[in-house]
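Work through the exercises below with the sequence and the structure in view. Each task is followed by a solution in steps.

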Amino acid sequence: MFKKITEAANFIRKRITNQPLIGMITGTGLGNLTDMMEIENNIPYEQIPHFPKSTVAGHAGILVSGIMGEKSLLAMQGRFHIYEGYTVNEITFPVRVMAHLGLKYLFVLSAAGGLNPLFKPGELMLVTDHINLTGENPLIGKNIDELGPRFPDMTSAYDKGLIALSRQKAIEERITLNQGIYVGITGPSLETPAETRFLRFIGGDAVGMSTVNEVIAAVHCGLKVLVIVAITNSNLPDCMTATSIEEVISNAKKVSPSLTKLLTVIIKDLEK
Ligand code: HPA
């Protein structure tokens, strides 16, 4: 695996001129976040050795290098999900490649259902912690010592400095930024009312089908992680309405300009 990571990283390195500081993973309906980037190069996943290929609707499958907020970025337009049949090793492979390329930060942006009744569809939530209910972990198996330790600490998986900076910038920009705990599940079926009640009861504020395994892999290899999710639908047991992918994509698209604005100002003030 480490050899594959190195090969993919070497391939990408030849196609970029600046040393990227930030890696970004964009989710359902949020692929256009890269519109704010001054694009240097588009690298389709299928050209990168050992990269999995993207299949889901709304995900492009391109690694975009460029500049945003005066910093160099590597953005994944399109990501991989357990429900598509990918293994967690495949899902987290790009994260490990980014760490190998010497990036310092990983920004993960996803769509999520709101479990907290105060959060409205079309708002943002800053993730301060997670509960991994995917039944998976990308670190299972022999530890790759070149990447990180056997038992990585998860007490501050979501970087406190990045959380503080995001909150400050959201206030300055007058962007509503809720804050809470993300529960990661596999999907693809959405939650039953009983499951939704359970997820809220155990402390979840939002639920989604991605993110947690990428975050675990990122923390393992020493990246500083920031996760912001777009609340795309209300997932409340007693007034639950059917959720469609169209609703998720449309609400993600609605919130994406304010997310782009917020990210730009966060990145501008980021330490190199
Ligand atoms: N549940 C799980 N994943 C999701 C949801 C949801 O309600 N909305 C967007 N992703």
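**Exercise 1.** Is Asp205 buried or exposed?

Solution. The model is a predicted one. Step 1: take the relative accessibility of Asp205, which is 11%. Step 2: compare this with the cut-off, since buried means under 20% relative accessible area. Step 3: Asp205 therefore counts as buried.

Continue with the partner of this residue. Asp205 forms a salt bridge with Arg200, and the closest N and O atoms are 3.0 Å apart. Arg200 has a relative accessibility of 32%, so Arg200 counts as partly exposed.

**Exercise 2.** Find which residues Lys169 meets in salt bridges, and describe where the partners lie.

Solution. Step 1: start from the general point that side chains of opposite charge can pair when their charged atoms come close. The count for this model comes to six salt bridges.

Step 1: look within the helix. The side chain of Lys169 meets that of Glu172 in a salt bridge, at 3.1 Å from N to O. Both residues belong to helix H3 (residues 160-173), where they are three residues apart, about one turn of the helix.

Step 2: Lys169 is buried, with a relative accessible area of 8%. Glu172, at 46%, counts as partly exposed, and Asp269, at 43%, is partly exposed.

**Exercise 3.** Lys71 is buried; determine how far away the nearest side chain of opposite charge is, and what the side chain of Lys71 reaches.

Solution. Step 1: locate the residue. Lys71 is in strand E4 (residues 71-77). Step 2: check for an opposite charge. The cut-off for a salt bridge is within 4 Å.

Step 1: The side chain of Lys71 reaches the backbone oxygen of Lys268 at 3.0 Å. Step 4: list the contacts. Leaving out residues up to four places away in sequence, Lys71 touches Leu21, Ile22, Gly66, Ile267, Lys268, Asp269, Leu270 and Lys272.

**Exercise 4.** Explain why strand E9 is described as largely enclosed by the rest of the structure, and name strands joined to E9.

Solution. Step 1: nine of the eleven residues of strand E9 (residues 224-234) are buried, so the strand is largely enclosed by the rest of the structure. Step 2: ten bridges join E9 to strand E5 (residues 105-114), and these two run parallel. In this pairing, Leu106 stands opposite Val225 in E9. Step 3: three bridges join E9 to strand E6 (residues 124-132), and these two run antiparallel. Here Leu126 has Ile228 in E9 as its bridge partner.

**Exercise 5.** Which residues are around the ligand?

Solution. Step 1: the residues around the ligand include Ala111, Ala112, Gly113, Glu191, Met209, Thr232 and Asn233. Step 2: examine the nitrogen atoms of the ligand. One such atom is 3.2 Å from a polar backbone atom of Gly113. A ligand nitrogen is 2.8 Å from an N or O atom in the side chain of Glu191. A polar side-chain atom of Asn233 lies 2.7 Å from a nitrogen atom of the ligand.

Methods:
Residues numbered from 1 in each chain as written. Predicted model: local features only at pLDDT ≥ 70, side-chain atom pairs only at ≥ 80, totals over all residues. Heavy atoms only, no water. Helix = DSSP H or I, 4+ residues; strand = E, 2+ residues; numbered from the N terminus. Buried < 20%, exposed > 50% of the residue type's maximum accessible area, 1.4 Å probe, protein only. Lys, Arg positive; Asp, Glu negative; His and termini not counted. Polar contact = N/O pair within 3.5 Å; in protein donor to acceptor, adjacent residues only side chain to side chain. Contact = heavy atoms within 4.5 Å. Pairing = 2+ DSSP bridges. Near = heavy atom within 4 Å.
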